[in-house]
Amino acid sequence: RKTIVHRRPLYRGAMSAKSPLLLKRKPHPCYFKRCYLGQKCEVDQRTGRASCVCKSHCKAIKKPVCGTDGLYYENHCEMHRAACVIGQDIYDARHKDCFYQRSTCELHDLDSFRTRLLEYHEAKSPFSLSDEHSEDAAPRRRRRSTGRSHHHHKKGRRQPTVDPVVEPTRKIILLSMLEDLDSVFPPPCSLFHLLRYGDLNQDHALDIQELLKLYNVTVLHLPEENRIVNKAAIYGGSVTLQCGIQGDPNPIWRHYGYDLQAQGEPSVETMVDGDQMMITQVTPRHAGNYSCHARKRPDIEQVIRLSVHAAPQVQIYPRSQHVVTGSSLSVLCHVRGVPPPHITWLMNGDELEMESGRYVIMSNNTELHINAAQESDSAAYSCVATNPAGTNEEIGAVFVEDLVEQSEYANGEIAAFFIFHEHGIVILDPKSCQVLRRIQADETLPGLLRQMSLDDGVRHCNWSSAVVVGSRFVYVAQPRENRVVVVDLRLQRVVEVLATDPLPVELHYVRSTDQLFVHCWVDATRDRSNLQIIYAASVPGMHLAAQIQPLDGGNTLDLSVYSFFVAPECPLNTQSRYGYVLHKDQQAIYMLNLATLLYDDVVINLAPQACTPRKLFYQQIGGRLHVTCHAQEGELPRTLTVELLTGKVVNAMEETDYDTEYTSRDGQHVLRVYPHKQQVRVYNVTTTGDLSEAIVLHTNFAVSDAAFEQHHSNLRQTTVYISSAAQAEVMHLDAGTGDVGVIDGLTRPLQVEKFPWSDRSRMLVASSWYDRHVATAGENGVDVINAETKEISCRLHDVTDAMAVTWVDGR
């Protein structure tokens, strides 16, 4: 609104000529004179007449104003006086440019001005919300109320009261009313300068966002629908997680409650850059919950649930087969992947001609059946699996001929159970229940090493652990003979005997580094146990069991390795980087770098949890290490969860009173044993590493061992087999439906004195997906269970005291 300077008269007001005051004396000459703004009334001393002249000066009030003439005035009076002097109309321009021409307000001056402005508005309010809701607010309100009642009673009428609490603020209000604000807002800055420096979009106004930015106020906002988000990553690739909290460019990133920026991992798997976090080499162990928190308001939190998609892993069986013309044949395909892949079949790279009627695809596309095969059906058949993470395939060759020579195992390959018992070794084909080879205890061994003899002169073998190494060998430990025996799969005989430290009980093979670790107990108390290594274990030739450098880096033996654990390598864990070492009576887990064979500086400290670790179990999806603590007699078992990305103990929000855990090869199923409850629980593992609602099974026996068997045509159809430590029976549980059955009439479990190396008095070993058998060994025989019928399909009565069983995949 513009003000016309010399058009608006200064109204003095007129009195009636009949006023008694005028009748008594003559009024001043200026009384009836009207002057405009910027003028004043003066009386000519000679004539006595009043006239309007321009003011010579104005009061020193600093209230800056800009005129339409482009000049800067200290107040409105000065502007009106100038208009009067020059005889031109000058208006209040109300434009910031005029102020800026004469401004000396810099950014450092503006900081002081902003502070004083906040203090002014804080003091101008009679009381703030914090005062109203504070502990002193109620007495304050009572004082005001009591004062009013007292004055009303005493005077008989309501009297105004002055609250001493707000009295100081009234002085500031009066100052603003008197326009004497120099002491409150010192020059050279003014409100116009807030506009000058804060008007980011140049619209000549400050909106709320510009004002908050001017005062460095951050507005944090997280929409309700974004508090929990899902994110998928590809195994082997990289992924960037974006924090959705608006207004915080540098949030705190955490993984299961631990600050990732404070970890300082040597591998630098995670990199944080402001509101983004990048994982450079994604593996299934990175799956899980990540969270970003506002740095100044940690309660404002966004949870990002990361799932890891894995490209399909394809296996075909048989990879090569020769059939007679006119006969039927089948090619099986087994596929793993996250999410479950889609399967298609190709013939020599082209689509199958389904119109011929000879090709039938069954079992959820996992089986190709050919009826009445012709010579034209000789081809390479491809099983192609695809999911969002990628595509993979494997080829099976089919040869249709008029005459086929029958060969039990092409190219010397063998698919069978290797059973190690007190009289030697048995190689058993579970399909035909045929013993393919017997290696007797009295056969000559390389190196002429002595075997243990009983009083009757019959040699007996003792075994503890057997593992398949590469595609050529099986290594098996003989604790009481202080040696490891090597069996050649193609030759089907013992080809090497390795001397070790006393009592080699446990064998751990790492395929990615071709290392075989031998854990030697030295004595039954395990007080002086140590760890040895066999290099290039899958390479034919002579081998040697070497010592591992001790924890202190010295040259002496490390005689305190109570236990050793390596996460099993599988499609979801293709390379294990660390072995985990438990030392006798120490509340810590030491990490052995498998590449350098040196202990890492990072130690998983369990002292705050008062846990002396005894057993370790690994959950592939989510990368969690489950640690069973030593329990005194009468105490319940206790298991901790260690998140390997941070190396910290996390609260997994799960029951911890289990003492043993079994995980399926694909990592999607977990069985936990609760011995004090005589109970087992089976969980499905989600793609983010969480456990689904458990299937609870109450048993009437102590659990000895467990094995998972997966149907090749349905990845979700998994059966869990659970053996009894004292009874001649095995339970089976469908992990999908919860259906339970019992297989009884088995051989008796081993006696403890014959197998002191483990609690597995009745072990369970599953064959490959294409064979679908489960072997269980006891004191007086070996039973083979058909996974299709859930019945005993084969039994060996002449194999007694079987102490180790392993499956050799003929593929």
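This is a predicted model: local features need pLDDT of at least 70, side-chain atom pairs count only at pLDDT 80 or more; totals for chains, interfaces and linings use all residues.
Which residue in the turn between E34 and E35 has a positive phi? Leu597 does, at about 60°, in a hairpin with four residues between the two strands.

Residues are numbered from 1 along each chain as its sequence is written, and side-chain values use heavy atoms, with hydrogens and water left out.

Start with the overall make-up. The protein has nine helices and 52 strands. Helices (H or I, at least four residues) and strands (E, at least two) are DSSP runs, numbered from the N terminus. Of the 811 residues, 46% count as buried. Buried means under 20% relative accessible area, exposed means over 50%, and partly exposed lies in between (1.4 Å probe, protein chains only). The protein exposes about 41,600 Å². Carbon and sulfur atoms supply 51% of that area. Accessible areas come from the Shrake-Rupley method with a 1.4 Å probe, and for residues only the protein chains shown count as cover. Now take contacts, meaning heavy atoms within 4.5 Å. Among contacts between residues at least 6 apart in sequence, 52% join residues at least 24 apart.

Next, go inside. A nonpolar core is a set of buried Ala, Val, Leu, Ile, Met, Phe, Trp, Tyr and Cys residues joined through side-chain atoms within 4.5 Å. The largest one here has 31 residues, and Leu241 and Tyr290 touch the most other members. Strands E6 (239-242), E10 (276-279), E11 (288-293), E12 (301-317) and E41 (669-674) each give two or more residues to this core. E12 gives the most, with four residues. Look closely at Leu241. Leaving aside its neighbours within four places in sequence, Leu241 is in contact with Lys231, Trp253, Asp275, Gln276, Met277, Tyr290, Ile304 and Leu306. Apart from this core lies another, of 28 residues, including Cys461, Trp463, Val476 and Val505. Cys461 counts as buried, at 8% relative accessibility.

Now back to strand E34, residues 588-593. Six of its six residues are buried, so the strand is largely enclosed by the rest of the structure. In a regular strand the side chains alternate between the two faces of the sheet. Both faces of E34 are covered. Ala588, Tyr590 and Leu592 are buried on one side, and Ile589, Met591 and Asn593 are buried on the other.

What about its partners? Two strands pair if DSSP finds at least two bridges between them. Strand E33 (residues 578-583) runs antiparallel to E34, and four bridges join them. Here Gly579 has Leu592 of E34 as its bridge partner. The hairpin of E33 and E34 has four residues between the strands, and Asp585 takes a positive phi near 60°. Strand E35 (residues 598-605) also runs antiparallel to E34, joined by five bridges. Ala588 stands opposite Asn605 in E35.

Finally, follow the cysteines. A disulfide is a covalent bond between the sulfur atoms of two cysteines. Here the rule is a pair of cysteine sulfur atoms within 2.5 Å. By this rule the count comes to eight disulfides.

Cys35 and Cys52 form one, with sulfur atoms 1.9 Å apart. The torsion about their S-S bond is about -90°, so this disulfide is left-handed. Cys35 lies in the loop between helix H1 (20-24) and strand E1 (39-43), and Cys52 lies in strand E2 (residues 50-54), so the pair ties together parts that are 17 residues apart in sequence. Cys35 is buried at 3% relative accessibility, whereas Cys52 is partly exposed at 26%.

Another disulfide joins Cys433 and Cys794, whose sulfur atoms are 1.7 Å apart. Its torsion is about 70°, so this disulfide is right-handed. The pair links distant parts of the chain, 361 residues apart. Cys433 sits in the loop between strands E22 (424-429) and E23 (434-440), and Cys794 sits in strand E51 (residues 791-796). Cys433 is partly exposed, with a relative accessible area of 29%. Cys794 is buried, with a relative accessible area of 3%.
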